[in-house]
Amino acid sequence: MNLRPSELRALYVIHLQQLYSTEVQALDALPTVAIDLSAPAVRQRLLLNAIETPVHMTMLETIFAELGEEPDGPSCEAMGALVRLCGYVREQRPAGLARDVLLVGVVQEMKHLGIAKYTMAQTFAKVLGYEGHLAWFSRAKGDEERAEQELNFFVLGLELTDHGP
C-alpha cells in the first residue's frame, strides 16, 4: 500500500483542522457546563480545562503556521454531537448530582475524543517526520487523559444510598 507524502500531509492538515475544531467547540461548551454543575470539584476541573484548551489551540496554531496552513477547515461533527448532548442533558434533567453524573459522562466522551485525535496526530507526525510536533501532541494528550481520570474519580467517589428508586 503506497501513499504519496503530499497526500498524507494533506490528510494530516485535515486531521489537525478537525482537532482544532474540537478544541474550539470544547472551549465554547465546557465553561457553560461547568457553571451548571452542583459539584464544586468537578466545576473546578472543567474551568481548569478552559485554561488548558487555549494552550492547545495556540500549539495547533503554531503548527499550522509551520505548515503554512490555516486552522479553519472541516468541523468535527463528533464533538458537535457531544456538545449538543450536553445541552440536551442540561435542558432535560433537573439540577443536582444525577445531572452532574450525566454531564461528567458526556465530558468524559469529549476527553476520549481528544485523546483519540491527539493519538492520531502523533501517528501522522511520526510518519511524516514532524518530530517537533510529537512532544506538543503528547502534552495535550496527557492533559486530556488527566482530566478524564479526574472526572472518573468524581464518579467513583460517589456513595450510593438505598433510599428508594
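Buried means under 20% relative accessible area, exposed means over 50%, and partly exposed lies in between, with a 1.4 Å probe and protein chains only. By that rule, Glu 52 is buried at 15%, and Arg 45 is buried at 8%.

This is a predicted model: local features need pLDDT of at least 70, side-chain atom pairs count only at pLDDT 80 or more, and totals for chains, interfaces and linings use all residues. Residues are numbered from 1 along each chain as its sequence is written, and side-chain values use heavy atoms, without hydrogens or water.

Now the salt bridges. The term means a side-chain nitrogen of Lys or Arg within 4 Å of a carboxyl oxygen of Asp or Glu. The whole structure has seven. Arg 45 and Glu 52 form one, at 2.9 Å, N to O. Glu 150 joins these two residues in a network of salt bridges.

Next, Lys 111 and Glu 144. Their closest N and O atoms are 2.9 Å apart. Lys 111 sits in helix H4 and Glu 144 in helix H5 (residues 131-156), so the pair ties together parts 33 residues apart in sequence. Helices here are DSSP runs (H or I, at least four residues), numbered from the N terminus. Lys 111 is buried at 4%. Glu 144 is buried at 5%.

So which lysine is buried yet has no salt bridge? Lys 117. Helix H4 (residues 97-128) holds Lys 117. The nearest side chain of opposite charge is Glu 23, 11 Å away; Lys and Arg count as positive, Asp and Glu as negative, with His and the chain ends not counted. Beyond four places in sequence, Lys 117 has contacts (heavy atoms within 4.5 Å) that include His 15, Thr 22 and Cys 76.

Key. Helices (H or I, at least four residues) and strands (E, at least two) are DSSP runs, numbered from the N terminus.
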